[in-house]
Amino acid sequence: MHTLLSYPFDPQAILKKRKSIRRELLASGEPRIKKKIAVLGGSTTHDIISVLDLFLLDFGIEPEFYESEFGLYYEDAMFGGALRDFAPDLIYIHTSRRNITGLPAPSDSPEFVSELLDAQFSRLEAMWEHLASEFRCPVIQNNFEPPFYRLLGNRDAWDYRGHTNFVSRLNMKLYEYASSRQDFYINDISYLCADYGLLKWTDPFYWHMYKYCLNLDAIPALSYSVACIIKSIYGKNKKSLVLDLDNTLWGGIVGDDGAEGIEIGHETSIGQVYSEFQAYLKELLGYGIMLNVDSKNDEENAIAGLSHPEGTLRPQDFISIKANWEPKDLNFAEIAGELNILPESMVFVDDNPAERAIVTGQLPGVCAPLMDAPEHYITAIDRCGFFEATKLSKDDLSRNEMYRANAQRTKLQKSFRSYEDYLLSLDMHALIRPFEPVYISRIAQLTNKSNQFNLTTRRFTESQMQAASRDPDIITLYGKLTDKFGDNGVISVVMGRIDGELLHIELWLMSCRVLKRNMEHAMLDELVRAAEKAGAKRLRGYYYKTPKNSMVKDFYKEFGFELVSEDGEDTVWELPISGYAPKNTVIKVNVE
């Protein structure tokens with residue numbers, strides 16, 4: 001992560017040095033996915049786009065932008081041929097309270113104000129529905145910030161004629177719409193301006209001078225918020241925290257002070273601070289964020305500290321606890337290996353700046369937020385947007401249990417002489433079926449997250465996956481896997497397009513949680529069966545190299561496919577269906 005793009009931001013430095021920052025980011029050679037992003041503005045958006053560009057590049061997304069004319073967001077959305085030609089992958093609608101065209105007057109009746117509210121919302125809803133129908137891509141919509149003045153004073157918040165009340169009611173309509181729609185997201189500028197300071201955020205000078213609906217210095221905060229939503233949509237979120245212990249989860253050094261001497265709990269003010277931080281981490285744990293420990297400590301002392309009666313977190317809340325005297329970057333990498341995820345999927349949390357520098361220096365892509373004082377630990381993590389939740393699937397909420405069960409499987413494996421005997425001992429059962437509505441969200445999420453076992457690395461939205469599931473020329477399959485340790489959830493996705501007697505495998509991916517469990521064998525067996533039923537006689541598979549999917553470079557070769565063409569490291573393979581012998585020998589499969 002570029003130093004100037006890390007929280008807390010220096011907005012003037014970002015705005016002043018944005019061109020040089022962009023050059024540095026592009027010169028880094030980091031692999032990025034390319035996305036076409038349309039920004040439809042109800043106010044000036046040029047600087048917002050230029051800063052949004054920086055944050056997205058830093059997140060591994062290379063954007064191409066379309067910018068509407070000033071104030072013509074609605075016209076462009078509803079009638080814009082240029083927008084249609086651009087064919088966006090994502091649309092961001094940057095509106096504000098300045099774009100509300102009708103507000104209550106003193107003489108208005110409650111009924112008239114309700115009609116006014118419905119009219120404002122209906123106009124927005126018509127625009128969103130049109131965009132969803134026309135482009136079938138994610139849409140991000142600003143909610144509305146409160147007015148910077150209150151005609152009725154405190155009464156403005158609850159009186160039906162109050163402008164503050166009107167904006168709040170309109171926002172509630174936006175939230176209700178978002179909760180019932182796929183690929184529609186709210187950028188919460190109501191919260192952002194409160195966090196920044198309403199009077200500074202809405203300073204009228206910037207509207208009347210530049211037609212910006214916010215203070216120029218607030219642009220990095222706004223752009224970062226939008227960038228966090230976009231990177232979450234495209235699978236760039238972090239998955240785990242790796243935490244130090246001493247002066248991070250508690251005050252003091254457990255090895256010197258003893259477990260009874262560390263500061264945690266309600267007896268002292270600093271103990272309360274650490275208790276609040278642990279409670280925050282426990283809440284993240286509840287939403288599927290994995291917790292791990294990387295501490296220079298004796299393990300016995302670490303466990304004693306985590307078992308303190310006033311602590312909120314317990315040893316069992318952590319998947320991996322590395323408490324030893326090894327370099328922390330080595331422990332960090334080992335934890336990533338145990339979880340079978342990339343190091344950059346984890347965030348390093350340590351009060352010691354030297355340790356943060358070592359880990360981030362040795363493990364490129366790892367983030368380590370500034371932890372300057374215990375009372376700021378929560379905001380240091382929260383404002384970085386590491387875990388921006390655009391989707392909350394059942395699998396997300398169960399992530400900790402799934403990875404903990406994986407650790408048990410790894411431990412069990414060591415007790416078997418034969419790997420096949422180990423697999424049989426797991427008593428694995430798979431459900432493999434065409435895409436179903438209940439799993440569409442998770443399926444789309446997997447396409448935007450999975451990188452290591454992903455043969456083409458194509459990314460899809462929920463709308464695109466729904467369209468694929470209805471297309472008679474596309475074979476879709478998802479796979480769920482359970483065993484004696486628990487349910488892994490939806491972990492594999494295959495999609496193929498029928499072209500006469502040929503099935504083109506356009507998507508094949510699998511979660512890292514189930515690597516080397518023979519699930520790919522079961523998926524291929526079912527894909528062959530479905531392809532044969534559809535009249536196909538050959539399968540054609542594609543491997544497109546990325547910096548992260550080299551592990552599946554020879555996947556098709558290993559399954560008996562023959563190489564038919566190659567372009568550099570990108571390859572195309574074919575397999576005749578006739579004479580195909582099932583590959584799966586250890587998983588019981590249900591396709592009903």
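Me: What is the relative accessible area of E134?
Reply: Buried means under 20% relative accessible area, exposed means over 50%, and partly exposed lies in between, with a 1.4 Å probe and protein chains only. E134 counts as partly exposed because its relative accessible area is 32%.

Me: What kind of model is this?
Reply: Residues are numbered from 1 along each chain as its sequence is written, and side-chain values use heavy atoms, with hydrogens and water left out. Local features need pLDDT of at least 70, side-chain atom pairs count only at pLDDT 80 or more, and totals for chains, interfaces and linings use all residues, this being a predicted model.

Me: With which residue does R84 meet in a salt bridge?
Reply: A salt bridge is a side-chain nitrogen of Lys or Arg within 4 Å of a carboxyl oxygen of Asp or Glu. R84 is partly exposed, because its relative accessibility is 42%. Its side chain has an N to O distance of 2.8 Å in the salt bridge, and the partner is E134.

Me: How many residues apart in sequence are the parts that the pair R84 and E134 ties together?
Reply: The side chains of R84 and E134 meet in a salt bridge. Helices (H or I, at least four residues) and strands (E, at least two) are DSSP runs, numbered from the N terminus. Since R84 belongs to helix α4 (residues 81-86) and E134 to helix α5 (residues 110-135), the separation of the parts tied together is 50 residues.

Me: Which helix holds the salt-bridge partner of K322?
Reply: K322 and E338 form a salt bridge with their closest N and O atoms 2.5 Å apart. The pair ties together parts that are 16 residues apart in sequence, because K322 lies in strand β8 (residues 320-324) and E338 in residues 328-339, helix α14.

Me: How many salt bridges does a search of the whole structure find?
Reply: Among them is the one between E436 and R433, at 2.9 Å from N to O, where R433 is partly exposed at 22%. R155, D159 and R161 are linked in a network of salt bridges. For the whole structure, the search gives a total of 27.

Me: Which residue in β7 is the bridge partner of L241?
Reply: Two strands pair if DSSP finds at least two bridges between them. Strand β6 (residues 240-243) and strand β7 (residues 290-296) pair in the parallel sense over four bridges. Within β7, L241 has as its bridge partner L291.

Me: Which residue in β9 is the bridge partner of V242?
Reply: β6 is also joined by four bridges to strand β9 (residues 346-349), and the two run parallel. Within β9, the partner of V242 is F348.

Me: Which residues of β6 point the opposite way from S240 and V242?
Reply: In a regular strand the side chains alternate between the two faces of the sheet. In β6, S240, V242 and the residues pointing the other way are all buried, the latter being L241 and L243.

Me: Where does N247 lie, and what is its phi?
Reply: Most residues other than glycine have a negative phi, and most peptide bonds are trans. N247 is in the loop between β6 and α11 and is partly exposed at 27%. Its phi is positive although the residue is not a glycine, and is near 60 degrees.

Me: What is the phi of N518?
Reply: N518 is in the loop between β13 (502-510) and α22 (519-533). This residue is buried, with a relative accessible area of 14%. N518 is not a glycine, yet has a positive phi of about 75 degrees.

Me: To which residue does a cis peptide bond join Y7?
Reply: The bond has an omega of about 0 degrees.

Me: How far apart in space are S469 and D203?
Reply: S469 is in helix α21 (residues 462-470) and is partly exposed at 33%. In sequence, S469 and D203 are 266 residues apart, whereas in space their C-alpha to C-alpha distance is 49 Å.
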